Structures are given as structure tokens and as C-alpha cells.
Amino acid sequence: EKGLEGLKLALQVLREYYVSDASHGKAEGSASGIISLIEVCESDFSKNLAEITTEEESAASEYKEMTRANEIEKAAKDQDVKYKTAESKALDKTAVELSSDRETLNTE
């Protein structure tokens, strides 16, 4: 952005300089060439700045969306772990009870 501002300032200074001083009649052709070159640079800077800004905004939006999706997925997986752990404990308890029952039946 500062480069673009610098180019605009340079164009303004050059235009004012060549318009205010009539003694540059011989250099008028080269002055217009320099000004045209700086205008092309300004145009390129503006175009590139717009593209970069759009890409950054898109990447930031995509990052936020991915982060939200990851948070939701993590919460779901945490709940799965919680329920699977509870289920595993219940199954272990049942297995212990059944083993105890089998041992009791075997001793009778």
C-alpha cells in the first residue's frame, strides 16, 4: 500500500513539475514517457494489491471455517471417547460379574 502511495505521490510531483516549469520543452517527450511508465507501475501495483488482498481474505475465511469444523469434530470425538470409556467400564463390570457367577456355578 505504501508503494502505491509513493507512486501516486511521484506522479503528482512530476506532473506539477513539468506543468509549472515551461523551460522543459525539450524534455517533454521523455517526461511523458516517465510519467506513462510510472502510471503503468501504479496500475500493476493496484492490480496486484487487489489480488493479494482477495487471496488473504479468502485464506482467512477458509482458515476460520476449517477451525470451526475441527472444533466441532474434536467435540464429537471427545464425546465418543467419553461414551466408549463408559461402555467399556460397563462391559468390564459385566464380564467380572459373569466370571464370578461362572466360578460360583463351578464350585457348586
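**Entry 1: Asp78 and Lys74**

I began with Asp78, which forms a salt bridge with Lys74, their closest N and O atoms being 3.0 Å apart. To count as a salt bridge, a side-chain nitrogen of Lys or Arg must be within 4 Å of a carboxyl oxygen of Asp or Glu. I noted that this is a predicted model, where local features need pLDDT of at least 70, side-chain atom pairs count only at pLDDT 80 or more, and totals for chains, interfaces and linings use all residues. Residues are numbered from 1 along each chain as its sequence is written, and side-chain values use heavy atoms, with hydrogens and water left out.

Where do Asp78 and Lys74 lie? I found both in helix H2, four residues apart, about one turn of the helix. Helices here are DSSP runs (H or I, at least four residues), numbered from the N terminus.

Then I looked up exposure. Buried means under 20% relative accessible area, exposed means over 50%, and partly exposed is in between (1.4 Å probe, protein chains only). Asp78 has 40% relative accessibility, so I wrote it down as partly exposed. Lys74 has a relative accessible area of 52%, so Lys74 is exposed.

**Entry 2: the other salt bridges**

How many salt bridges does the structure hold? I counted three. A friendly reminder to myself: side chains of opposite charge can pair when their charged atoms come close.

One of them joins the side chains of Glu39 and Arg15, at 2.2 Å from N to O. Glu39 lies in helix H2 and Arg15 in helix H1 (residues 2-20), so this pair ties together parts that are 24 residues apart in sequence. Glu39 is partly exposed at 32% relative accessibility, and Arg15 is partly exposed at 38%.

I also looked up Glu73 and Lys77, whose side chains meet in a salt bridge at 3.1 Å, N to O. They are four residues apart in helix H2, so about one helical turn separates them. Glu73 is partly exposed with a relative accessible area of 42%, and Lys77 is partly exposed with 48%.

**Entry 3: Ile35**

Is Ile35 buried or exposed? At 13% relative accessibility, I put Ile35 down as buried. Ile35 is found in helix H2. I listed its contacts (heavy atoms within 4.5 Å). Leaving out residues up to four places away in sequence, Ile35 touches Leu11, Leu14 and Arg15. The C-alpha atoms of Ile35 and Arg15 are separated by 7.8 Å, while the two residues are 20 apart along the chain.

**Entry 4: Glu42**

Next I checked Glu42, also placed in helix H2. Glu42 is buried yet has no salt bridge. Which side chain of opposite charge is nearest to Glu42? I found Lys8, 4.5 Å away. Lys and Arg count as positive, Asp and Glu as negative, and His and the chain ends are not counted. Again leaving out residues up to four places away in sequence, Glu42 touches Leu4, Leu7, Lys8 and Leu11.

**Entry 5: a charged patch**

Last, I looked at the surface, where Glu51, Glu55, Glu56 and Glu57 gather in a patch of negative charge. Such a patch joins like charges within 9 Å, using residues with over 30% relative accessible area and no salt bridge. Glu55 lies in helix H2, which spans residues 28-107. At 55% relative accessibility, Glu55 counts as exposed.

Conventions:
Patch = residues over 30% accessible without salt bridge, like charges linked within 9 Å, V, L, I, M, F, W, Y side chains within 5 Å. Areas by Shrake-Rupley, 256 points an atom, 1.4 Å probe, with all protein chains shown as cover. Charge placed at Lys NZ, Arg CZ, Asp CG, Glu CD. Helix = DSSP H or I, 4+ residues; strand = E, 2+ residues; numbered from the N terminus.
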